[in-house]
Amino acid sequence: MFKLMLKKQLLSFKLYFTSNPRTKKKRTLMQSIGFALLVIFVIFSLGLSMFFIAFLMADSLLQPGFMAGNRFDWLYYAIMGVMAMMLGIVGSVFTTYNSIYRAKDNDLLLSMPIKPVYIIGSRLFSIALLAIIYSGIVYLPTIIVYWIFKGMTIPTIVLPIVLWLVSCLFIVTVSCLLGYFVAIISAFFPKNNLITMVLYLIFFALYFYFCFNMNSLLEGLVANAENIGKTISVWIYPVYLMACGSAGDIRSAVFYILLVIVLFGICWLLLNHSFINIATSNRGERKVKYVEKDTKAKGVIAALVNKETKRFMSSTTYMLNTGLGLPMVLIACVMAVIKRDALLQVKDMYVSFFPFVEDILPAILVSFICMIVSTTDVTAPSISLEGKNLWVLRSLPIKTGEILNAKAYFGIAINAVPVIVASLVLGLVLGIEIPMIAIIAVTSMLYAIMTSYFGVMLNLLRPSLDWTNEVQPVKQSIPVFVCLFGGWLVSAAIGLCAFFLRDRINAITYLTLVNVILIILFRLIRQWMMTKGVEIFESL
């Protein structure tokens with residue numbers, strides 16, 4: 001029976017390559033090969049980047065003269081091993097949550113004459129395979145670089161590979177523990193889209209921070225290598241054992257293997273003991289207690305805008321891919337205030353070399369704000385996201401023009417506060433006068449109004465209502481692509497035109513001209529939407 005369960009888990013891996021998970025349609029042989037080659041290319045690219053990081057680390061830590069009198073080869077394996085384990089845990093924890101704590105076929109399997117230990121074992125096997133792939137992206141390049149610097153002996157060939165595979169069991173154990181915490185958090189926050197978005201933003205912030213500061217971080221690691229080594233050997237003793245074993249210490253390798261086996265065995269026993277309770281609980285589906293409330297009457301437009309807001313807040317995919325400009329504005333304003341002196345120094349430096357920068361600075365600020373507004377293209381997929389439920393909206397006794405206007409109003413409303421705050425904060429930090437800040441805010445707001453209507457117009461021209469996953473209209477549709485990159489081009493054009501016209505008209509005249517153009521475009525787009533656009537919507 002256990003072999004059948006393993007075969008089932010391996011079949012799910014095979015289906016990932018041979019069928020489309022969204023449409024459930026079988027891929028052709030060439031499509032399967034192409035997809036497999038793409039996955040291999042991505043893994044190879046990540047592994048290559050890890051190879052260069054490992055090489056930079058080894059170039060400092062594995063040199064003969066580094067910390068004379070101390071053998072710190074293990075520190076190289078410790079630092080890279082922590083990175084490998086972190087990647088393996090991050091890549092496996094949500095898979096653990098979905099495959100053990102929230103698997104859709106738990107009830108079906110438990111209704112069959114299958115022992116829970118077989119179900120758990122097959123699930124942990126699939127998680128271990130993922131852990132091998134994720135951690136191998138870091139650990140294999142680490143081993144190869146060590147061989148380049150230190151040469152190859154039987155202990156340094158066999159032990160690192162064996163301990164890498166054993167470390168995957170440690171990753172599975174930690175992933176099971178974290179997956180249980182994820183299940184508990186989901187129980188207390190059943191509607192956790194906003195929390196998920198915040199976590200994603202924190203992850204991206206840490207990722208970009210690491211990318212932009214990689215050299216300084218590596219230099220800091222090398223400079224404080226001895227202190228870091230002492231901390232690891234005291235507080236993360238399993239990692240210390242793994243690192244020493246990978247560097248050729250057989251005794252440490254044996255202790256590490258025994259420790260991981262004990263921890264994994266405890267995890268297995270606990271899961272086996274509580275699996276039925278875990279699989280049959282409804283912990284992630286808290287009942288919402290009904291509370292009677294008085295509801296104020298709303299107008300048609302206000303109700304429709306409220307509907308669009310709830311739709312936006314209910315989807316992590318929607319928020320992350322079309323609302324990225326909102327946190328970007330906040331970050332830009334906070335950083336501008338914190339780094340005000342440095343920002344003014346940069347401004348003064350450019351003005352000293354290029355005096356015209358002072359004159360076109362308002363246009364540059366408008367260009368920057370408009371570029372951020374372009375990333376908040378919430379209206380571009382708004383009609384497509386209605387999907388198969390579009391008939392519900394059309395069946396309501398509401399004019400089609402009001403429906404289309406409400407979608408545009410939502411885009412305007414979501415950009416209004418960030419645009420005004422960014423214009424005020426950035427303008428004051430850069431020393432721009434208050435009347436000019438008001439003009440900057442008006443121009444940026446007109447751009448937000450125009451792009452909101454433009455997004456609805458594009459979605460009317462190229463709707464996608466037959467999607468099976470909301471990722472399609474939000475990330476892979478032409479309206480979103482045109483709104484994002486077209487908006488960036490228009491935003492850049494505002495700054496470039498100010499540069500070329502700097503000797504002919506001043507900033508106030510130029511921004512007034514831009515305002516007139518934006519108003520004309522808005523009127524044309526809205527007129528089209530209220531006539532031809534209404535006809536298209538009613539024919540969907």
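Among contacts in this protein between residues at least 6 apart in sequence, 84% join residues at least 24 apart, where contact means heavy atoms within 4.5 Å. The model is a predicted one, in which local features need pLDDT of at least 70 and side-chain atom pairs count only at pLDDT 80 or more, while totals for chains, interfaces and linings use all residues. Residues are numbered from 1 along each chain as its sequence is written, and side-chain values use heavy atoms, with hydrogens and water left out.

I turn to the overall make-up. The protein has 22 helices and zero strands; helices (H or I, at least four residues) and strands (E, at least two) are DSSP runs, numbered from the N terminus. Of the 540 residues in the protein, 42% are buried. Buried means under 20% relative accessible area, exposed means over 50%, and partly exposed lies in between, with a 1.4 Å probe and protein chains only.

Val 93 belongs to helix H3, residues 73–101, and is buried, because its relative accessible area is 9%. Its C-alpha atom is separated by 5.5 Å from that of Gly 179, 86 residues apart along the chain. Arg 340 lies in helix H15, residues 340–353, and counts as partly exposed because its relative accessible area is 37%. Between the C-alpha atoms of Arg 340 and Leu 426, which are 86 residues apart along the chain, the separation is 9.5 Å.

Where does H18 bend? The bend, of about 35°, is at Asn 415, and a proline, Pro 418, follows within four residues. That angle is taken between axes fitted to the seven residues ending at a residue and the seven starting there. H18 is mostly covered, with 21 of its 30 residues buried. Just after H18, Gly 431 takes a positive phi of about 80°.

Next comes helix H19, residues 434–461, whose 28 residues reach 41 Å from first C-alpha to last, close to the 40 Å expected. H19 is also mostly covered, as 20 of its 28 residues are buried.

Two packed helices are described by the angle between their axes and the distance between the axes. The axes of H18 and helix H22, residues 507–539, come within 9 Å and cross at roughly 115°. Axes here are lines fitted to C-alpha atoms, for helices over the stretch in contact, and angles run from 0 to 180 degrees between N-to-C directions. On the H18 side, Thr 400, Gly 401, Ile 403, Leu 404 and Asn 405 meet residues of H22 including Arg 526, Met 529 and Phe 537.

Helix H21, residues 478–500, has 23 residues and reaches 32 Å, close to the 33 Å expected. Its buried residues include Pro 479, Cys 483, Gly 487 and Ile 494. The buried residues of H21 pack against helix H16 (357–374), H19, helix H20 (471–475) and H22.

I close with the cysteines. How many disulfides are there? The count comes to zero, a disulfide being a pair of cysteine sulfur atoms within 2.5 Å. Cys 168 counts as buried because its relative accessibility is 1%, and Cys 244 is buried because its value is 10%.

Note on methods:
The expected span of a helix is 1.5 Å times one less than its number of residues.
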